[in-house]
Structure formats: structure tokens, C-alpha cells
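Please look over the sequence and the model shown here before reading on. The paragraphs after it are meant to be read with both in view.

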Amino acid sequence: MEMQGSMLSVKVACIEHHDTIWRSQPLVGKSYVGNLLLASAILVSGESYMRVKSMFDVFGLEVFGQGTYYDLQKRWLFPAIRQHWEMEKEMVMRTLQTQTKSLTLLGNGQCDSPGFSAKYGAYTIADEESKKIVDFELVQLGEPGVHT
């Protein structure tokens with residue numbers, strides 16, 4: 001029996017010496033689906049990996065390591081989120097371009113809370129009527145041309 005994150009594999013041998021390995025999760029590429037879904041749930045919940053791991057530890061459940069979590073984000077989750085955002089952005093832009101009435105865009109810039117040293121800033125533009133985000137940009141503060 002072996003655990004890889006939340007995936008259990010069991011090597012089984014019959015009396016006629018036929019060996020097989022049963023896995024509790026299918027593979028996608030080199031990642032087990034349950035591990036990928038768990039990493040996705042952690043990311044979209046806004047919770048930290050360490051807090052989720054602590055909860056798993058309390059219940060005696062297996063979970064992948066923090067390095068695997070960041071690898072799954074980089075390899076699968078961030079590209080999927082980016083692809084979805086690009087499709088949504090294109091659809092919003094097409095919709096706005098076909099509108100015949102005036103367009104009112106709202107903008108907002110946000111950095112860390114007061115008292116903290118902000119490293120990144122988020123700038124968002126939204127359409128007032130549809131409440132859809134038209135575009136956003138994350139910038140590293142301190143880059144040339146970026147001012148708070």
C-alpha cells in the first residue's frame with residue numbers, strides 16, 4: 001500500500017502470480033485527479049495550504065506536500081484560470097463593442113492595507129452597467145513607471 005497525496009495505490013497479487021496495481025484516482029498527465037481537485041479547492045477557497053494541511057492532520061488524512069501544491073498551481077491551475085479569464089474577457093469585449101449606448105467604465109487600484117509594505121498593486125476596470133470586469137492588471141510596485 002502506498003499514498004501519493006490523497007491517492008492510495010494497492011499492489012494486488014492473485015494466487016496464480018498475476019500482479020496488478022489498483023489506484024483510487026485516475027491520472028491526468030502525471031498528476032492524480034483527486035490531488036488536482038484538492039489543490040484547486042484550496043486555491044479557490046482562499047485558504048492557505050498550511051491551514052488545510054493542519055486540518056487534514058487533525059483528521060488523520062493524507063495530503064500532498066506544500067511543494068506539490070505549488071507545482072500543481074503552476075502546472076495546471078494557473079494556466080486553466082488564465083485560459084478561462086482570457087475567454088471571459090474576449091466575450092465581455094465583444095459584448096461591449098456591439099452596444100449602441102454610452103459606455104461607463106469604473107476603475108480601481110488597490111495595494112496592501114495601510115501599515116504594510118505593498119509589493120504588488122491590482123488595477124481593475126469594470127463596466128458599470130453589466131458589472132463585468134473588462135480588464136485588470138497586477139503590477140509590482142517599485143517598477144519603473146509604477147507609482148502608488
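What follows goes from the whole chain to single residues.

This is a predicted model, in which local features need pLDDT of at least 70 and side-chain atom pairs count only at pLDDT 80 or more, while totals for chains, interfaces and linings use all residues. Residues are numbered from 1 along each chain as its sequence is written, and side-chain values use heavy atoms, with hydrogens and water left out.

The protein chain holds three helices and eight strands, where helices (H or I, at least four residues) and strands (E, at least two) are DSSP runs numbered from the N terminus. Read from the N terminus, the order of these elements is β-β-β-β-β-α-α-α-β-β-β. The radius of gyration of the protein chain is 22 Å, well over the 15 Å that the globule rule gives for 148 residues, so the chain is more spread out than a compact globule; this radius is taken over C-alpha atoms, and the rule is 2.2 Å times the number of residues to the power 0.38. Along the principal axes, the C-alpha atoms of the protein chain fill a box of roughly 75 × 45 × 30 Å.

Of the 148 residues, 20% count as buried, a class that means under 20% relative accessible area, with exposed meaning over 50% and partly exposed lying in between (1.4 Å probe, protein chains only). The accessible surface of the protein chain comes to about 11100 Å², and 57% of this area belongs to carbon and sulfur atoms; such areas come from the Shrake-Rupley method with a 1.4 Å probe, and for residues only the protein chains shown count as cover. If contact is taken to mean heavy atoms within 4.5 Å, then among contacts between residues at least 6 apart in sequence, 35% join residues at least 24 apart. The mean positions of the 14 positive and 17 negative charges are 2 Å apart, where Lys and Arg count as positive and Asp and Glu as negative, and His and the chain ends are not counted. Each charge is placed at NZ of Lys, CZ of Arg, CG of Asp or CD of Glu.

Leaving aside its neighbours within four places in sequence, Glu2 is in contact with Met7, Leu8 and Ser9. The C-alpha atoms of Glu2 and Gln83, 81 residues apart along the chain, are separated by 34 Å. Gln83 itself belongs to helix H3 (residues 66-98) and counts as exposed, at 52% relative accessibility. From C-alpha to C-alpha, Gln83 and Tyr70 are 18 Å apart in space, and they are 13 residues apart in sequence.

Most residues other than glycine have a negative phi. His17, in the loop between strand S2 (7-13) and strand S3 (19-23), has a positive phi near 65° and is exposed, with a relative accessible area of 71%. Lys131, found in the loop between strand S7 (120-127) and strand S8 (133-140), has a positive phi near 65° and is exposed at 64%.

Finally, how many disulfides are there? Where a disulfide is a pair of cysteine sulfur atoms within 2.5 Å, the count comes to zero. Cys14 is partly exposed, with a relative accessible area of 37%, and Cys111 is partly exposed, at 30%.
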